[in-house]
Amino acid sequence: RFPINVRYPRELRDSIEKLRGLPVLTARGEQITLGDIAAIEINRGPSMIKSENARLSGWVYVDVRDRDLAATVAELRTAIAREVTLPVGVSVSYSGQFEYMQRANAQLRLMVPITLLIIFLLLYAIFRRFDEALLLMITLPFALSGGIWFLYLMAFNLSVATGIGLIALAGVAAEFGVVMLLYLRRALAERTLDTSLQQFSAGDRFALDAAIREGALLRVRPKAMTVAVILAGLLPILLGEGTGSEIMSRIAAPMVGGMITAPLLSMLVLPTAYRLLCGVRYRRHAQPPV
């Protein structure tokens, strides 16, 4: 069966009686009226017929506020599967922002590991040491914790925008760690200490502690200036209102929260971890007593 739509001129369809009196020729050449072979009446129907993928479709709009979109859709699926019996040929799909979020999450599942791998390779290319690159990668979660806590305090749900902000925060934290580690290595070099500790005596341990303290203190003022500049640029985005502010504030929020933990990581945690790493190298290369 094929649906047939016929549209008559306005002067022939402005009343039901005129439509019923329209002439129709039969196969034998006889002339009858349309009212003889069809029931013509006025019924209330849909104002618009929508189709998608060659199937009739109907839309139910749901406005989600103060809730996670993914959790809301999960509850909808559970409730519909439990309480609604769909007839044959009818299916339910979820579109709109949820569909866009699923596509973005699929891309983030691929991009986040690639981003972390690129950061690790760049760190290895800078320091030429696997342990130092791994040290910076291990300390990154501490830097990201500030951004996650700030999202919780701002009552922001995890979304694509917050994910982008966390990726940007990871890059800034890795940059902080690289600069701090370079300062520590330069402080060791100025004191003529071998960074590989292959020719490192027990008496040099005090010089190592002093070099690490000196290198860490040299980064306090530049770090404070860097954090102040980043916050000055991000706070207007975070507190701004207007078109697009909802997305931009969620990108800026992890960066603002991370500016608390990332500097603390590079100034306190990283020098301590580097000192422990130097101790491990010393014990590895130390000669056994005779």
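Q: Let's start with R82 and E83: buried or exposed?
A: Both R82 and E83 are exposed, where exposed means over 50% relative accessible area, buried means under 20%, and partly exposed is anything in between, computed with a 1.4 Å probe and the protein chains only. Please keep in mind that this is a predicted model, in which local features need pLDDT of at least 70 and side-chain atom pairs count only at pLDDT 80 or more, while totals for chains, interfaces and linings use all residues. Residues are numbered from 1 along each chain as its sequence is written, and side-chain values use heavy atoms, with hydrogens and water left out.

Q: And what do the side chains of R82 and E83 do together?
A: They meet in a salt bridge, with 3.4 Å from N to O; the term stands for a side-chain nitrogen of Lys or Arg within 4 Å of a carboxyl oxygen of Asp or Glu.

Q: How many salt bridges does a search of the whole structure find?
A: The search finds six, and one of them joins the side chains of R103 and E99 at 2.9 Å, N to O. E99 counts as partly exposed because its relative accessibility is 24%.

Q: What counts as a helix here, by the way?
A: Helices are DSSP runs of H or I with at least four residues, strands are runs of E with at least two, and both are numbered from the N terminus.

Q: Which residue does R20 meet in a salt bridge?
A: The side chain of R20 meets that of E17, at 3.4 Å from N to O. Because R20 and E17 are three residues apart in helix 2 (residues 16–20), about one helical turn separates them. R20 is partly exposed because its relative accessibility is 34%, whereas E17 is exposed because its relative accessible area is 56%.

Q: New topic: how many residues does the largest nonpolar core have?
A: The largest nonpolar core has 44 residues, and those with the most contacts inside it are L123, L136, M259 and Y274. Such a core is a set of buried Ala, Val, Leu, Ile, Met, Phe, Trp, Tyr and Cys residues joined through side-chain atoms within 4.5 Å. The elements giving two or more residues to this core are helix 5 (97–127), helix 6 (130–153), helix 7 (160–190), helix 8 (204–217), helix 9 (220–239) and helix 10 (245–285). Helix 10 gives the largest share of the core, 12 residues.

Q: And what does L136 touch?
A: Not counting residues up to four places away in sequence, L136 touches L123, F127, G177, V178, L181 and L270.

Q: What about L169, where is it?
A: L169 is in helix 7, and it counts as buried because its relative accessible area is 0%. Beyond residues up to four places away, L169 touches A143, L144, G147, P254, M255, G258 and M259. The C-alpha atoms of L169 and A143 are separated by 7.9 Å, although the two residues are 26 apart along the chain.

Q: Back to helix 10: is S266 buried or exposed?
A: S266 lies in helix 10, and it counts as buried because its relative accessibility is 1%. The side chain of S266 reaches the backbone oxygen of P263 at 3.0 Å, and, not counting residues up to four places away in sequence, S266 touches F176, M180, K223 and P271.

Methods:
Contact = heavy atoms within 4.5 Å. Polar contact = N/O pair within 3.5 Å; in protein donor to acceptor, adjacent residues only side chain to side chain.
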